[in-house]
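Hi,

Here is the structure we spoke about. Please open it and keep it beside this email while you read.

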Amino acid sequence: NVLGQTLFEALLLEPWLKRELRWSLEADLDAVDFCSPATPMEDRAPIELGCDYSARAVLAMLGDSKAFDFKEGVKHLGSLDGPQSLDLFFVTIVKDASSFTETTSYDDYAMNPTRFHWQSQSRVGAGSPTAARYRRIGFGPGDPQGHLFVRRDKEVEKKGLAAPFTYLGRVRFLSSRGERPLSIQWELEHPLSARLLAAFSK
């Protein structure tokens, strides 16, 4: 608000406070080991590359009114084509038998720092409108967008809490084979770090 901004500006006129703030910020910067680059997602919601989120939080930030009813691994928002078409892929690498059935134990994994193998839901056929939309996903200004969120396990070890997903950025369609499920290779816009590659590989 205006009053808060005015008070903040007045405080910054104090030389001792400016010195304290500068020293504090410099100390904090020395501890930073990762700086998130800008991504197209930031135009829609405050979602940063390499940061962790629950699927429901992501959907809520994007304005999805049904965010808290979401239980599947894929959510399409916006138009059916063009840059306003948004597919969000939420992937769990390790599928345990207590949470995943034979038909939902999809073969998802990082192939290398820039490629990710992903399987669609088992009902998606190669000639379906959904498959056609996936094939159009790209990095171009007029392309439908795909965004990848990945976690290794469904739950945080020994705590019984749902594990968050790490946002890996946009993906671009490279190739596909089979159907029901459709096996797709995505290209990652931002290469995985060695740590994330190890966590999300087979």
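Which strands do the buried residues of helix 4 pack against? They pack against strand 2, strand 3, strand 5 (115-119), strand 7 (165-177) and strand 8 (183-188). Buried means under 20% relative accessible area; exposed means over 50%, and partly exposed lies in between (1.4 Å probe, protein chains only). Contact means heavy atoms within 4.5 Å.

Two notes on the source. This is a predicted model, where local features need pLDDT of at least 70, side-chain atom pairs count only at pLDDT 80 or more, and totals for chains, interfaces and linings use all residues. Residues are numbered from 1 along each chain as its sequence is written, and side-chain values use heavy atoms, with hydrogens and water left out.

**Overview**

The protein has five helices and eight strands. Helices (H or I, at least four residues) and strands (E, at least two) are DSSP runs, numbered from the N terminus. Along the sequence the pattern is α-α-β-α-β-β-β-β-α-β-β-β-α. Of the 202 residues, 37% count as buried. Take the contacts with a separation of 6 or more: 57% of them are between residues 24 or more positions apart.

**Helix 4**

Helix 4 covers residues 129-136, and Ala 131, Arg 133 and Tyr 134 are buried in it. Seen down the axis, the buried residues fall within an arc of 160°, so they line one face of the helix. The arc is that of the directions from the helix axis to the C-beta atoms.

**Strand 3**

Seven of the seven residues of strand 3 (residues 86-92) are buried, so the rest of the structure largely encloses this strand. Both faces are covered. Leu 86, Leu 88, Phe 90 and Thr 92 are on one side. Asp 87, Phe 89 and Val 91 are on the other.

Now the pairing. Two strands pair if DSSP finds at least two bridges between them. Strand 2 (residues 74-77) pairs with strand 3 in the antiparallel sense, over four bridges. His 76 has Asp 87 as its bridge partner in strand 3. Strand 3 and strand 6 pair in the parallel sense, over seven bridges. There, Phe 90 has Phe 149 in strand 6 as its bridge partner.

**Strand 8**

Five of the six residues of strand 8 are buried, so this strand too is largely enclosed by the rest of the structure. Strand 5 pairs with strand 8 in the antiparallel sense, over five bridges. Arg 115 stands opposite Glu 187 in strand 8. Strand 7 also runs antiparallel to strand 8, with six bridges. Here the bridge partner of Arg 172 is Glu 187.

**The hairpin**

Strand 7 and strand 8 form a hairpin with five residues between them. Gly 178 in the turn has a positive phi of about 70°. Arg 180 is in the loop between these strands. Its phi is also positive, about 45°, although Arg 180 is not a glycine. A cis peptide bond joins Arg 180 and Pro 181, with omega about 10°.

Best wishes
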